[in-house]
Amino acid sequence: SGRTCQNWLAAHPWEIGITPTQDKKTKVDAADPESEEMVDWGNGLGNHNYCRNPDSSMEEPWCFTMDPNENHKKELCSVPKCPKEKRDFHDEAKTLATGIGSRDCDCAEQVHGSFVAVPSAAGSSAAAGRPGCKCSSR
């Protein structure tokens, strides 16, 4: 509609009545201080007037407007949907895996870099000890 949204922390022109809740980070494994963190998302409200759906009262993001007319108190926001991915990442990964799927030493060197190194044992190839390289010493 072009109406300005009200700041979620303001009480004018409308009393919002929804308390902001913060995001909470917790450890996946509370006993492990090195554990990854997960996030329990808050309701997104704060010192801003961005569209949200903090109470799931509508199907889409909405806001209280700055318009004091009761008929325009709350409005849906026109948030465009993101376009579908133009790339097919699963197909690309499959194609790439097929393209580099060879396990010979030439392919392994292409993928992992040069195998020029000091052999680990007399008569063995430097490449022979590399994971993914299925050739034996030449």
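Okay, two housekeeping points. This is a predicted model, where local features need pLDDT of at least 70 and side-chain atom pairs count only at pLDDT 80 or more, while totals for chains, interfaces and linings use all residues. Residues are numbered from 1 along each chain as its sequence is written, and side-chain values use heavy atoms, with hydrogens and water left out.

Let's start with the cysteines. How many disulfides does the count come to? Two, where a disulfide is a pair of cysteine sulfur atoms within 2.5 Å. One of them joins Cys5 to Cys63, S to S 2.0 Å. The torsion about that S-S bond is about -70 degrees, so this disulfide is left-handed. Cys5 sits in the segment before β1 (24–27) and Cys63 in strand β3, so the bond ties together parts that are 58 residues apart in sequence. Strands here are DSSP runs of E, at least two residues, and helices are runs of H or I, at least four, numbered from the N terminus. Cys63 is buried, at 2% relative accessibility, and Cys5 is buried too, at 12%. Buried means under 20% relative accessible area, exposed means over 50%, and partly exposed is in between, using a 1.4 Å probe and protein chains only.

The other pair is Cys51 and Cys77, with sulfur atoms 1.9 Å apart. Cys51 is in the loop between β2 and β3, and Cys77 in the loop between β4 (74–76) and α1 (89–99), 26 residues apart. Here the torsion is about -85 degrees, so this disulfide is left-handed as well. Cys51 counts as partly exposed at 21%, whereas Cys77 is buried at 11%. As for Cys82, that one is exposed, with a relative accessible area of 72%.

Now the rings. There are three aromatic pairs. Rings of Phe, Tyr and Trp (its six-membered ring) pair if their centres lie within 6.5 Å; planes under 30 degrees apart are stacked, over 60 edge-to-face, and the rest tilted. One of the pairs is Trp8 with Trp62, edge-to-face, 5.3 Å centre to centre and 75 degrees between the planes. Trp8 is in the segment before β1 and Trp62 in strand β3, 54 residues apart. Both are buried, Trp8 at 3% and Trp62 at 0%. Trp62 also pairs edge-to-face with Phe64, at 5.2 Å and 75 degrees, and Phe64 is buried at 6%.

His48 lies in the loop between β2 (37–40) and β3 (62–64), and is buried at 14%. Leaving aside neighbours within four places in sequence, His48 is in contact (heavy atoms within 4.5 Å) with Gln6, Asn7 and Trp8. Gln6 belongs to the segment before β1 and is buried at 1%.
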